[in-house]
Amino acid sequence: MSTPTTPAQAPAPRAHEQAHADAAADLARAPWEDLVTAALLGTDRRTPPVAVPGKDAPTALLDAAAVQTVRRRAGLRPAPAAARPEPAAEDPRPVVPPAARRRLATLLADRPGPGGGRRGAAPDLMELLPQWLALANERGFAAPPELLPALLSAARGRTDLRPQALAFAGPRARWLATLNADWKFALRASPGSVPAPGPQDGPGTPDARAAEEVERRWQEGLFAERVALLTTLRAQDPHAARELLMSTWTTERAEDRLMFLDSLRTGLSTADEPFLERALGDRSRNVRSTAAELLSTLPGSALAGRMAERAAACVTLDGTARTPTLAVEPPHACDAGMERDGVVPKPPAGRGERAWWLGQLLEAAPLATWQRTFGDRSPAEVVALPVADDWHGELHAAWCRAAVRQRDTGWSRALLGAPSATEAAGPGAVSLAERAKLLTALPAPERAAWVAGFIDAHGLSEAFQLLGVCAVPWAPDLGRAVVDALNIARDAGSYPWSFSGVMGLAERCLDPAEAVRLDALTAVPDEPENASPGAGGYWSEAFQRLVTTLRLRATMHEELAA
């Protein structure tokens, strides 16, 4: 005979049910971000934010993720209506023409295919998007409002797109970023966001409200927002930017001081020297080094004079020999004055101390020092002087770095030498990487002519770095040199994959007018006996893609010119 349940025994099942109800509530309350973190790190390394009686941690985590997923999809909990956001600022620029609007939608919709593989003859639309944005900004157009979400999402995934994308998106980008956390990068990096001066105060002088807004954002903004603010203000008013930085300099963290100091490269002048001299005494070695580098680019600065004196004591001209020769005597010690002026005392692994110190002195000394010291010789004549005791490589490598830092065209030209010379035979005997940096100091037409001469002499196998520093679109002579070299490589029977990098650059940089000349190369050529199997077909496909891309670029220009 069964025993009847007494009232005292009744709460037991209800307590069990209450425990399950409490566990379900815990699952619903678990923060989504904490669940994601535990899932990524693993429950062994990160305890999940929930615990379910009778279940292990991984199962409890999955249960909580399932409950939270349903809650996130089901909608929002009712709440008082928020205030309507203020309208976005007006963008006075005209929206792109209809044909260009449709083109932008196509470019934004393009996605890379899964798994890579052969590209076929179709253009790579994603690689054309930066060029389209640059052209639209150059012509003063605004983005179509309906495409702003896709544009910001594309810029979120590609940092190289952000400057052009945010300039094109205009003030609406910042407005949308306040409403969607996925686009918060626009708040940190939007260009041109410094309040404009008031007309009543005269040109170049901010009115009181603008100055207060700049000060508020400098004091309250996130680090990246402050960097963007300082960079933009520096481009508009270098003095005001320097004063703003000085107002909080002593309270900033070392890593922040370094980034802020780097923004002074824009508009650098002798007016910045007193502040930079004080920065030479900074607690951070990186800050000291950056301050020294900036001062060394000012030929008349006190630091440049000190470095010139030290460097001249290390490199002298021996006129007693039959042929005038440069004699090198590196410093024997790195004293406190050298350290304060940015010389790093400890060399990297594999470098001797004295050679390391010498290189830093030569890099920071004004290049005009050597022309005065060596009898008013020209840069080419100085570079051509023989160097004693195997110091040639160290000396010329340091001069290359100095020419790049000081943007000295004459020295860059002398160190580059003739494009037909090999790396070891040129007057500067510099590597391809150093040549690419030296080229950036030359005017664009001279740069293109030098690289064209290099390709004519050496082919394309070593030209990729050099092509990357040439102005777009490539000059006619450079474009013809690249096409001729590609044609020679095709006739040699090798696969085009060895030149895929150059071919990709050609698609983006070759003048679209070259498409007519390239038509003849799209046919499948007769393969020579020693050719790689099927190479002709691959070359035909590559040239078809190149021609199609060039014609598409020409169409893009026409659409944006409407």
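In helix α11, the residues Arg226, Val227, Ala228, Leu229, Leu230, Thr232, Leu233 and Arg234 are buried, where buried means under 20% relative accessible area, exposed over 50% and partly exposed in between, with a 1.4 Å probe and protein chains only. The model is predicted, so local features need pLDDT of at least 70 and side-chain atom pairs count only at pLDDT 80 or more, while totals for chains, interfaces and linings use all residues. Residues are numbered from 1 along each chain as its sequence is written, and side-chain values use heavy atoms, with hydrogens and water left out.

**Chain and helix α11**

- The protein chain holds 29 helices and two strands; helices (H or I, at least four residues) and strands (E, at least two) are DSSP runs, numbered from the N terminus.
- Of the 562 residues of the chain, 40% count as buried.
- Among contacts in the chain between residues at least 6 apart in sequence, 67% join residues at least 24 apart; contact means heavy atoms within 4.5 Å.
- Helix α11 covers residues 223-236, 14 residues, and reaches 20 Å from its first C-alpha to its last, close to the 20 Å expected at 1.5 Å a residue. The expected span is 1.5 Å times one less than the number of residues in the helix.

**Nonpolar cores**

- The largest nonpolar core has 98 residues, and those with the most contacts inside it are Trp370, Ile455, Leu467, Trp474 and Leu478.
- Apart from this core lies another, of 34 residues, among them Leu107, Ala136, Ala143 and Trp183.
- A nonpolar core is a set of buried Ala, Val, Leu, Ile, Met, Phe, Trp, Tyr and Cys residues joined through side-chain atoms within 4.5 Å.
- In soluble globular proteins, nonpolar side chains tend to be buried together.
- Leaving aside neighbours within four places in sequence, Leu467 is in contact with Val451, Ile455, Leu460, Trp474, Leu478, Val482, Val502 and Leu505.

**Helix α27 and Val502**

- Helix α27 (residues 500-509) is mostly covered, as seven of its 10 residues are buried.
- The buried residues in α27 are Val502, Met503, Gly504, Leu505, Ala506, Glu507 and Cys509.
- These buried residues of α27 pack against α25, α26 and α29.
- Val502 is found in α27 and counts as buried because its relative accessible area is 5%.
- Val502 and Leu467 are 35 residues apart in sequence and 8.0 Å apart in space, C-alpha to C-alpha.

**Largest pocket**

- The largest pocket has a volume of about 350 Å³.
- A pocket is found on a 1 Å grid over the protein atoms alone: a cavity is a set of points where a 1.4 Å probe fits but cannot get out, whereas a pocket is an open set with protein on both sides within 12 Å along at least five of seven lines, and lining residues have an atom within 4 Å of a point.
- Grid points are joined across faces, edges and corners, and the volume is the space filled by probe spheres set on the points.
- The largest pocket is lined by 15 residues, of which Pro130, Gln131, Ala134, Val472 and Arg508 lie nearest its centre.
- Helices α5 (125-138) and α29 (535-561) each supply at least two residues of this lining, and the largest share, six residues, comes from α5.
- By class, the lining has seven nonpolar, two polar and six charged residues. Here Ala, Val, Leu, Ile, Met, Phe, Trp, Tyr, Cys and Pro count as nonpolar, Asp, Glu, Lys and Arg as charged, and the others, Gly among them, as polar.

**Backbone exceptions**

- Most residues other than glycine have a negative phi, and most peptide bonds are trans.
- A cis peptide bond joins Val472 and Pro473, with omega about -5 degrees; Pro473 is in the loop between α25 (464-467) and α26 (476-491).
- Asp376 has a positive phi, near 55 degrees, and is found in the loop between α19 (368-373) and α20 (379-384). Asp376 counts as exposed because its relative accessibility is 68%.
- Asp389 also has a positive phi, near 60 degrees, and lies in the loop between α20 and α21 (392-406).

**A buried loop residue**

- Leu147 lies in the loop between α5 and α6 (148-157) and is buried, with a relative accessible area of 14%.
- Leu147 touches Arg101, Leu104, Ala105 and Leu108, not counting residues up to four places away in sequence.
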